Amino acid sequence: MTILLNKINEVKNNIKQWKREGLKIGLVPTMGALHKGHESLIKKAKEHCDKVVVSVFVNPIQFGPNEDYDKYPRTIEKDLDVCEKNGVDIVFSPSPSEMYGENNRLSNTDLTFVCPAYNIVDCMCGKSRPGHFDGVATVVLKLFNIVNPDFAFFGQKDAQQLFILKKMVKDLNLDLTIIQCPIVREDDGLALSSRNTYLNTEERKNALTINKALKQIEKIYSTGVKDTKVLFDSAIAVLDKNLELEYLEFRSFDTFEPVEEIQQNTLVAIAAKSGKTRLIDNIIIR
Ligand code: AMP
């Protein structure tokens, strides 16, 4: 049976007991509005671990002032059903004040923040969302300290986040392993996202060309073309003109440096707005 906990101490008490019993603990951090992408992370966690904790927390410190913090979908009852169905042990859903205190301490003038390596933050999503990855790294480190997991599960969908968090674990000598999980898509290729619910029919149709552009890159690459400028142009030709492209980048997924020629383990990542909704997607070329 899944139990819902809102208090940090209640979670810690359960974890202490599980640790005493020598059980392997898995953590799946989410912002809720759970879909099949999240569910795939939970299933992976169930395979690897004896006990699984899913956190559901819309983290205020990772949203910019003009972003969708207030309107972000909150569906805790439905999320609990998904967790119950998948055999999750604890859903941890704290309030912002439980995580950050009552005093509106949401800036780094009075809250200790984790600042990930500048080189991997000052690009891609970090460029248009200043402070976003500081907020992500801070909440994830707090969740790691609360849950003390052996394994934590993150999606390749948020590839920059995944890279930053893997580096945080290494740089700060954290005693856990991050497991990378593949992107789950709709049948027509759209990457699942809690934000897809914002899209109207037309915007959703246009958004499909994001995945088409990535597929186009894979197709041209398979004919022997490695030059990322040529691949960039081939993708732009496929993207719907109504999308507002924020970036299309080619980076090594070993170093996060931009690459001019596709090599093994190259991340190809896109961010674009369809209407007002900002969407991201990527592929990793092996
Ligand atoms: P979020 O609730 O958006 O913060 O996402 C929580 C976790 O689910 C992150 O590790 C995401 O990368 C992962 N995730 C989100 N969408 C997908 C997807 N379509 N496929 C796989 N994982 C996903």
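Which residue forms a salt bridge with Glu39, and how far apart are the closest N and O atoms? The partner is Lys85, with 3.2 Å between the closest N and O atoms.

## Basis of the description

The structure is a predicted model, in which local features need pLDDT of at least 70 and side-chain atom pairs count only at pLDDT 80 or more, while totals for chains, interfaces and linings use all residues. Residues are numbered from 1 along each chain as its sequence is written, and side-chain values use heavy atoms, with hydrogens and water left out.

## Salt bridges

The whole structure holds 13 salt bridges, each defined as a side-chain nitrogen of Lys or Arg within 4 Å of a carboxyl oxygen of Asp or Glu. One of them pairs Glu39 with Lys85. Because Glu39 belongs to helix α2 and Lys85 to helix α3 (residues 76-85), this pair ties together parts that are 46 residues apart in sequence. Helices (H or I, at least four residues) and strands (E, at least two) are DSSP runs, numbered from the N terminus. Glu39 is buried at 8% relative accessibility, whereas Lys85 is exposed at 62%; buried means under 20% relative accessible area, exposed over 50%, and partly exposed in between (1.4 Å probe, protein chains only).

A second salt bridge joins the side chains of Arg185 and Asp281, at 2.8 Å from N to O. Arg185 sits in the loop between β6 (177-181) and α9 (201-222), and Asp281 in strand β9 (residues 277-285), so this pair links parts that are 96 residues apart in sequence. Arg185 is partly exposed, at 26% relative accessibility, and Asp281 is buried, at 3%. The side chains of Glu249 and Arg251 also meet in a salt bridge, at 2.7 Å from N to O; Arg251 is buried, with a relative accessible area of 10%. Through shared partners, salt bridges join Glu39, Lys43 and Lys85 into one network.

## Ligand surroundings

The shell around the ligand has 16 residues, of which His38, Gly155, Asp158, Val184 and Leu192 come nearest; a residue belongs to such a shell if one of its heavy atoms lies within 4 Å of the molecule. By class, the shell divides into nine nonpolar, five polar and two charged residues. Helix α2 gives the most to the shell, with three residues.

Oxygen atoms of the ligand lie 2.9 Å from a polar side-chain atom of His38 and 2.9 Å from a polar backbone atom of Gly155. A ligand nitrogen is 2.9 Å from a polar backbone atom of Leu192.

Methods: A polar contact is a pair of N or O atoms within 3.5 Å; within protein, one must be able to donate a hydrogen and the other to accept it, and residues adjacent in sequence count only if both atoms are side-chain atoms. Ala, Val, Leu, Ile, Met, Phe, Trp, Tyr, Cys and Pro count as nonpolar, Asp, Glu, Lys and Arg as charged, and the others, Gly among them, as polar.
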